[in-house]
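Colleague: I'm new to this one. Can you walk me through it?
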Amino acid sequence: MGERIVDPVVHLELRTDNLARACAFYGELFGWRFEPVHLGGATYHAVDVGGRIQGGIVECDEARPRWLPYVEVPDLAAMTERARSLGATVTLEPREGPAGWRSTLLTRAGGDVALWQPKA
């Protein structure tokens with residue numbers, strides 16, 4: 001059994017092929033307000049989903065829109081390898097971004113999850 005991670009989900013990201021439609025739906029349903037974030041050529045909107053969890057919507061080629069939870073881990077490289085040894089497919093190898101490092105996994109259970117290690 002792995003080390004227990006307290007409050008592990010830190011970010012929820014909706015990946016969709018229609019950002020405008022998704023923002024309109026969730027804005028109307030929950031009253032969420034979106035803030036465009038400029039990340040080079042990517043179309044991304046940050047959203048406050050409440051509590052300690054942050055959120056965002058990214059427009060990308062997706063066959064079906066899906067939510068991707070980000071789980072904060074103390075050692076991204078080690079946790080990515082641990083997931084691989086447990087049978088997960090690493091769909092994005094560890095990579096650095098402005099605020100930290102991430103990798104994404106497809107688990108045997110059929111769900112996607114992103115691992116996140118923030119910069120100090």
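Modeller: A term to begin with: buried means under 20% relative accessible area, exposed over 50%, and partly exposed in between, with a 1.4 Å probe and protein chains only. This is a predicted model, where local features need pLDDT of at least 70, side-chain atom pairs count only at pLDDT 80 or more, and totals for chains, interfaces and linings use all residues. Residues are numbered from 1 along each chain as its sequence is written, and side-chain values use heavy atoms, with hydrogens and water left out.

Colleague: OK. Is Leu86 buried or exposed, or in between?

Modeller: Leu86 has 47% relative accessibility, so it counts as partly exposed. Leu86 sits in the loop between α2 (76–85) and β6. Helices (H or I, at least four residues) and strands (E, at least two) are DSSP runs, numbered from the N terminus.

Colleague: How far apart are Leu86 and Gln54 in space?

Modeller: They are 28 Å apart, C-alpha to C-alpha, and 32 residues apart in sequence.

Colleague: New topic. How many helices and strands are there in the protein?

Modeller: Two helices and eight strands. Along the sequence the pattern is β-α-β-β-β-β-α-β-β-β. The radius of gyration is 15 Å, close to the 14 Å that the globule rule gives for 120 residues, so the protein is as compact as a globular protein of that length. That radius is taken over C-alpha atoms, and the rule is 2.2 Å times the number of residues to the power 0.38.

Colleague: And what share of the 120 residues is buried?

Modeller: 32%.

Colleague: What about Thr107? Where is it found?

Modeller: Thr107 is in the loop between β7 and β8 (112–118). At 28% relative accessibility, Thr107 counts as partly exposed. Neighbours within four places in sequence aside, Thr107 is in contact (heavy atoms within 4.5 Å) with Ala88 and Val113.

Colleague: Now the largest pocket. How many residues line it?

Modeller: There are 24 lining residues, and Glu13, Leu39, Tyr44, Tyr70 and Trp116 lie nearest the pocket's centre. Among the elements giving two or more residues to that lining are β1 (9–16) and β7 (100–106). On a 1 Å grid over the protein atoms alone, a pocket is an open set of points where a 1.4 Å probe fits, with protein on both sides within 12 Å along at least five of seven lines; lining residues have an atom within 4 Å of a point.

Colleague: How much space lies in it?

Modeller: About 760 Å³.

Conventions. Grid points are joined across faces, edges and corners, and a volume is the space filled by probe spheres set on the points.
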